[in-house]
Amino acid sequence: MKKLTFSAMLLALWCGIISSAFSQPTQPPEITCFESRKGASEVVRRDLQPGWPNVKCSPKTGAVLWWGDPFDGTVPMGDMPTVENFPTGKAVVKPRSEKIALMPMCAVACHNGVGPKFNPPKLPTSKMPTPIPTMAAMVPDLQNLQHGGGRIWCLDCHHTNQRNKLVDNFGNPVSFDQPQLLCGKCHGDKMRDWRDGIHGKRIGEWASTGKKRWFTCTECHNPHNVQDGARNRGFPQIAPEVPPQLPWGMKDAKHELRHGVSH
Amino acid sequence: MGVAALMTQSDDVKATVEWAEQFQGNYRLMTAAEKAEARARLERRYSAQYSKKVTVDTSEALPGVLMGYALNIRKCIGCRRCVNACVEENNQSRGKNPGERIEWIQVLRMERGEFSKEKMNEGYPEGLGIQVGGNAYTPAGQVLEGQYHYEPALVPEKDATYMPIACMQCEKPPCVKVCPVRTTYREADGPVVIDYNWCIGCRMCMGACPYWARRINLTTPVLPKAEMNPVTHYLGNRPRMRGVVEKCHWCLQRTRQGRYPACVEVCPVGARKFGNLLDPQSEVSLILARKNVFRLKAELNTFPKFFYFYD
Ligand code: SF4
Ligand code: SF4
C-alpha cells in the first residue's frame, strides 16, 4: 500500500514535469537542485542552448543527474602546491565561499575582534570546548563534536580571528574554496588519493592531463556531521532514486528474496 | 510505398531513410562514404522526429587508448544516481508500462555477511547437506544473491552493501562469440558495441553474458522529445528501434570526445573512476597499482575491463 501511494506520487511528479515541459517549452519552471549532497553546492537549471540544459535534476530527490557543461560556473583552482604535475589552468573548482549564506557576516558581525556585547562577551581563544549558544544553533552537538572521535574543536579548523577562513598548521588562513589544504592536515592518505583522482569526484575530461572540475572535500562531506551515526561512512545518508521497473507480470519484488537473482 | 519513395526521391524523410536503412551493410563493413551517408540520413530523420538538431557521431576508436573502469565497492551507497544518469544520457526507453523502462546499470543490495570463527564449520547449505566450497551459507549455483528493488527511505542502510553492475566490456566477451550475425563486437579502444541495425533480436548474447548486462527492447521504445539527448553516437546512444538488444558502451558519444561517462560524473561519493589503461598516470592505472582490486566472476575468463576495488 505504502509502495503504491509512493509510486503514485512519483508518477504524478513525473507527469507534472513532463507536461509542464511540453506546455511551455521556452520557459521551463525554475528548478534548483543540489550537486553532491543536500546543503552543499546548488545549481539552478537553465538552458545552455535550446534543448540542452546545464543540468538535469532528479524529480524524486532533487539531485543533479546529469551535467550539460561540467565547467559551468567554475573558476581556476588557483595555487595548489599539493597538486604537482597537473597542467595549470586545467583544474577548476566551483567557488563555495560566496555561496555559504552566513559567511560574509561571520567576520563582520561577530568575529571582527570587537563583536557585539553578547554573553560570554569574549571570543573564545582557546581550543578547549566552551558553550557557544549562537553557534550551537548552527552546529548541533557542538560541545561533543565527533569529528576525529571528539579530539578536535572549532579552532582546529577555523581561523581564530578571521572566521570566514579556515586555518592551516601554521596559523595561516585557508580559503573555504580550498578546504583540502585544511583536511589534508590529518587525512594525508585521502589527500594523496584525492590529488591523484582515486578518492573523490571530478567531472570533465577523463584523460589524466585533461581539464577537470574538482570537487573539494566539503562538497561531499559535512565536516560537522562526518560520522553520521551508526553507518560511519563519512557521508550522510540520502534518499535513493527510484527502483527499477518490476519484471513482466511481477506485482512486487518478493521473488528476489526467494531466488536471489532477477534476470 | 518504400519503392515509390526511393524512386521519386520523395520528401517523406521517414519513408526514404527507412527504405535506405533496410539495405545498408554491417557498420563494420561500410566504406567511409557509406558511413557518412548513413550518418546524414540518421541526423535528418532524428532531427525531424525529435524536433531538435540531433547529431550522430561516427568517430573511430582513439589511438593509444584502452578504456578501463574502476568502482570503489566500499564507497558505493546504493543511491542509484548512476542508473538514472545513464538513462538520461543514453536515450533508453522510459515508459510506465511493463518492459518500457530500460536501465543498463543495476545496483544490487547485499546483506552484510560475517565470517566469524564460530561460523567456520557452518558452510553447509540448508536442506542440501553437502559442502559446496568455502563459506557457502546459501546454496551454490547462485551468485550475487541480493535485491535490485530495495526501497528504503535513506541509503546507505546499516546492514547492507551495494554492488553496481553493468556491462564489463570483457576482453574476451562471450556475447560477441555467440552473436550469429556479428552485430556486436569489441572496438579497438575497448568497449563492446552493437550495430543496432544489424541486430536480429535473437537474444543469444543475453543468454551468454554472465553479468546480465544486456537488455532487449521488446516494446517500441518510449522516448519523449523533450528528454531526448541530441548528442549521439552511431554505436552508442542513438535512439533504438523495437526488437534490438542494447547495453552499456561507456558513453561512447562522450568518452570518444574526451569526457567522462555520465555515471562517473554523477556518483555523489566518487566511487566510479574511468581512464586509459595504457596511461600509467590515469586514475584507473593508479588504482590498479595501489589498491585491492578484483574482477567479477574472474573464473569465467571473460577478462573484464571493469575493476572493483576497495581501500
Ligand atoms: S559484460 Fe556481457 S555484454 Fe558486456 S562484454 Fe561481457 S559478455 Fe558482453
Ligand atoms: S551513484 Fe555511486 S554511490 Fe550511487 S549507486 Fe551509483 S555507484 Fe553507488
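Modeller: A residue counts as buried when its relative accessible area is under 20%. The model is a predicted one. By that cut-off A:C57, at 17% relative accessibility, is buried, and A:C33, at 1%, is buried too. These two cysteines are joined in a disulfide, with a distance of 2.0 Å from S to S. A:C33 belongs to strand β1 of chain A and A:C57 to strand β5 of chain A, so the bond ties together parts that lie 24 residues apart in sequence. Over all chains, the count of disulfides is one.

A:C183, by contrast, takes part in no disulfide; its nearest cysteine sulfur, that of A:C217, is 3.7 Å away. A:C183 is partly exposed, at 23% relative accessibility.

The contact itself may now be described. Chain B contributes 80 residues and chain A contributes 60 residues. The area buried between the chains is about 6000 Å², and carbon and sulfur atoms give 55% of that area. The interface holds five salt bridges, and in a salt bridge between A:D193 and B:R290 the N to O distance is 3.3 Å. Polar contacts link 29 residue pairs across the interface, both residues being at pLDDT 80 or more. On the side of chain B that touches chain A, the elements that give two or more residues include α4 (81-90), β4 (160-165) and α9 (283-290) of chain B. The largest share, five residues, comes from α4(B). By type, the residues of this side of chain B comprise 33 nonpolar, 19 polar and 28 charged.

Note on methods
Residues numbered from 1 in each chain as written. Chains lettered and ligands numbered in written order. Predicted model: local features only at pLDDT ≥ 70, side-chain atom pairs only at ≥ 80, totals over all residues. Heavy atoms only, no water. Contact = heavy atoms within 4.5 Å. Buried area = accessible area lost by both parts, 1.4 Å probe. Salt bridge = Lys/Arg side-chain N within 4 Å of Asp/Glu carboxyl O. Polar contact = N/O pair within 3.5 Å; in protein donor to acceptor, adjacent residues only side chain to side chain. Helix = DSSP H or I, 4+ residues; strand = E, 2+ residues; numbered from the N terminus. Nonpolar A, V, L, I, M, F, W, Y, C, P; charged D, E, K, R; others polar. Disulfide = S-S within 2.5 Å. Buried < 20%, exposed > 50% of the residue type's maximum accessible area, 1.4 Å probe, protein only.
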